[in-house]
Amino acid sequence: MAKTKVLMTGNEAIAEGAIQGGCRFYAGYPITPQNELIAYMARHLLPAGGVFIQAESELAAINMVFAAAAAGSRAMTSSSSPGISLKQEGISYIAGAELPAVIVNIMRGGPGLGNIWPAQSDYFQATRGGGHGDYRCIVLAPSSVQEAYDLMALAFELADRYRNPAIILGDGMLGQMMEPLSVHSPQPTVHRKKNILPNKKWALTGCKGRKPNIIKSFYMKEGDLEKFNLRLQEKYKIIKQKEQRCDSLFLEDAQVILVAYGTMARIARGAVTKLREDGKKIGLIRPVTLWPFPDKVFKRLAISDKRLAILVIEMSYGQMLDDVRLAVNCQAPVEFLGRSGGGVPSEGEIINKVRKLLRTREPEN
Amino acid sequence: MNKIFSRPKSLRNISTHYCPGCGHGIAHRLIAEIVDELGIRQRVIGIAPVGCAVIAYDYWDFDCCEAAHGRALAVATGIKRVRPQNIVFTYQGDGDLAAIGTNETIHAANRGENLTVVFINNAVYGMTGGQMAPTTLLGQKTATTPRGRSAATEGWPLKISEMLALLPGVKFIERTSLHSVQEVIKTKRAIKQAFQNQVDKIGFSLVEVLSPCPTYLGLSPVEALEWIRKTMIKEFPLGRIK
């Protein structure tokens with residue numbers, strides 16, 4: 001399909017990417033810093049043949065998404081950290097009823113009401129399930145406006161393929177910044193005539209010509225819930241095997257590998273470029289899927305190489321850090337640099353940290 | 001010989017999990033009869049609540065969806081908006097509809113969603129063991145009001161049907177009861193109207209059904225019916241509210 005260049009904020013790109021990716025149901029509740037997203041949906045979803053609802057609360061919104069997914073629609077909601085906390089019950093039900101739905105979290109500072117500055121402090125909540133029960137969401141972390149747009153179609157595709165909630169984990173900076181991006185069409189209305197409901201045999205459509213379908217996450221008979229959970233775990237194993245995604249830079253000769261995702265990865269990349277210009281052997285791993293975490297790439301590294309160190313950088317006080325440590329499995333030192341509550345590690349701070357790390361690791365002459 | 005009474009097609013042939021004298025079985029059957037009579041079994045979608053009726057979908061033989069506690073009308077909204085050609089109803093207890101789900105109830109009603117609501121009011125929480133409901137009467141003893149509900153500390157029985165009647169999006173509200181055969185017949189008539197309204201695209205229609213819970217009223221099944229007739233309908237008068 002012919003592509004067109006447009007200028008958009010990350011929030012708008014996510015909304016447009018969702019509509020182009022087949023999203024035909026959106027319910028949400030306003031919260032900063034993702035308000036451009038809900039406004040874009042309000043303007044463009046109806047002309048695309050979809051349903052837009054400004055819900056009375058995040059609870060209502062996520063349950064409307066649960067329902068629209070149960071009825072076979074590609075459905076999504078979006079919010080920012082405190083609002084995502086409110087949605088956790090619904091996300092647990094979506095996982096428990098094995099429904100495909102997409103949830104966008106444009107993270108801000110916490111805990112509590114926190115503030116509206118960008119943060120990455122909801123990593124645990126997104127990657128560990130977040131609500132009650134043994135479940136996982138597929139988590140995708142875009143680091144540019146273009147990638148935010150592109151990952152939306154993938155999120156819906158993965159959600160449908162695995163009948164599982166998928167989360168887009170961005171932050172306030174990504175949501176607010178404007179960048180040029182290539183889109184399939186600046187007119188989402190071109191999809192108006194398209195069938196809005198993909199064929200899903202399990203969906204609630206009325207029992208005409210078939211046995212009734214029941215959408216539920218409730219298993220009272222002895223042993224049934226355990227069996228269901230084992231089936232979920234089997235599904236998660238397949239997702240972990242097949243869906244790890246990451247981006248990397250200069251891994252071949254790197255002596256220090258930076259690990260960062262989303263907005264933080266862009267700043268880390270700037271630091272890598274500067275340090276490389278200075279002759280330092282620095283590499284970068286940027287996880288695109290946070291769950292499943294791309295641990296294969298770490299296993300492929302020459303982690304027996306005594307010279308190698310890893311530096312995790314986050315807009316939090318160390319959440320992805322746990323996954324990196326698990327992946328590295330004590331085969332290399334893992335260092336950390338992080339700020340949160342609105343603080344963002346700068347390129348300069350990263351460079352200083354790397355230089356210090358290199359100094360302490362250089363053999364004394 | 002002519003068969004004059006049989007199980008509705010929309011009701012499965014399984015034994016009940018409800019207590020002796022409970023009203024849910026009657027209400028489930030009325031809905032099944034109405035779905036059959038309106039010829040909508042192949043396009044109806046029921047939303048089961050959290051509470052004693054959580055497995056209502058085990059009894060009804062048509063498409064059904066679970067809803068988290070209190071969220072039935074948000075779930076019904078999502079399904080109906082995606083599939084307006086289907087007939088979508090919720091079946092909710094007093095705790096579900098008028099305590100934890102009050103916000104979803106009010107806003108679905110205020111949006112004038114074209115939905116049918118069957119609201120079972122038995123003045124007590126059944127599933128969790130007889131705690132106070134928003135509709136528990138003043139003085140009524142429950143597991144969490146052992147000295148009887150007091151207005152000073154627990155407030156008054158919530159008359160959500162009367163509250164909803166104020167909203168322009170609400171087109172039909174009636175309060176009925178299951179305490180006698182005549183009242184059961186009136187209940188069926190009201191619920192059928194609430195379904196017919198949706199078929200005719202009239203808008204949000206709700207029937208509040210006073211229903212016996214002998215187990216947690218601490219009464220025999222017959223006494224529970226008497227209690228509704230003598231006591232409960234004084235607080236919750238029957239008839240068309242809107």
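Me: Into which domains is chain A divided?
Reply: The bounds come from an automatic or database domain assignment. The model is predicted, so local features need pLDDT of at least 70 and side-chain atom pairs count only at pLDDT 80 or more, while totals for chains, interfaces and linings use all residues. Residues are numbered from 1 along each chain as its sequence is written, chains are lettered from A and ligands numbered from 1 in the order in which they are written, and side-chain values use heavy atoms, without hydrogens and water. Chain A is divided into domain 1 (4-242) and domain 2 (246-361).

Me: What area is buried between domain 1 and domain 2 of chain A?
Reply: The C-alpha centres of the two domains of chain A lie 29 Å apart. Contact (heavy atoms within 4.5 Å) involves 34 residues of domain 1 and 26 residues of domain 2. Buried area is the accessible area (1.4 Å probe) that two parts lose on being put together, summed over both. Carbon and sulfur atoms give 54% of the total between these domains, which is about 2500 Å².

Me: How many salt bridges are there between domain 1 and domain 2 of chain A?
Reply: A salt bridge needs a side-chain nitrogen of Lys or Arg within 4 Å of a carboxyl oxygen of Asp or Glu. Asp323(A) forms a salt bridge with Arg128(A), with the closest N and O atoms 2.9 Å apart. Between the two domains of chain A the count is three salt bridges.

Me: Which residues of chain B lose the most area to chain A?
Reply: The contact takes 32 residues from chain B and 35 residues from chain A. Together the chains bury about 2700 Å², 63% of it on carbon and sulfur atoms. On the side of chain B, 24% of the buried area comes from the three that lose the most, Asp63(B), Glu66(B) and Val82(B).

Me: Which residue of chain A does Asp63(B) meet in a salt bridge?
Reply: Between chain B and chain A the count is three salt bridges. In the one formed by the side chain of Asp63(B), the N to O distance is 2.7 Å, and the partner is Arg210(A).

Me: Which residue of β2(B) is the bridge partner of Ile215(A)?
Reply: Strands are DSSP runs (E, at least two residues), numbered from the N terminus, and two strands pair if DSSP finds at least two bridges between them. Strand β9 (residues 214-215) of chain A runs parallel to β2(B), joined by two bridges. The bridge partner of Ile215(A) in β2(B) is Cys65(B).

Methods:
Helices (H or I, at least four residues) and strands (E, at least two) are DSSP runs, numbered from the N terminus.
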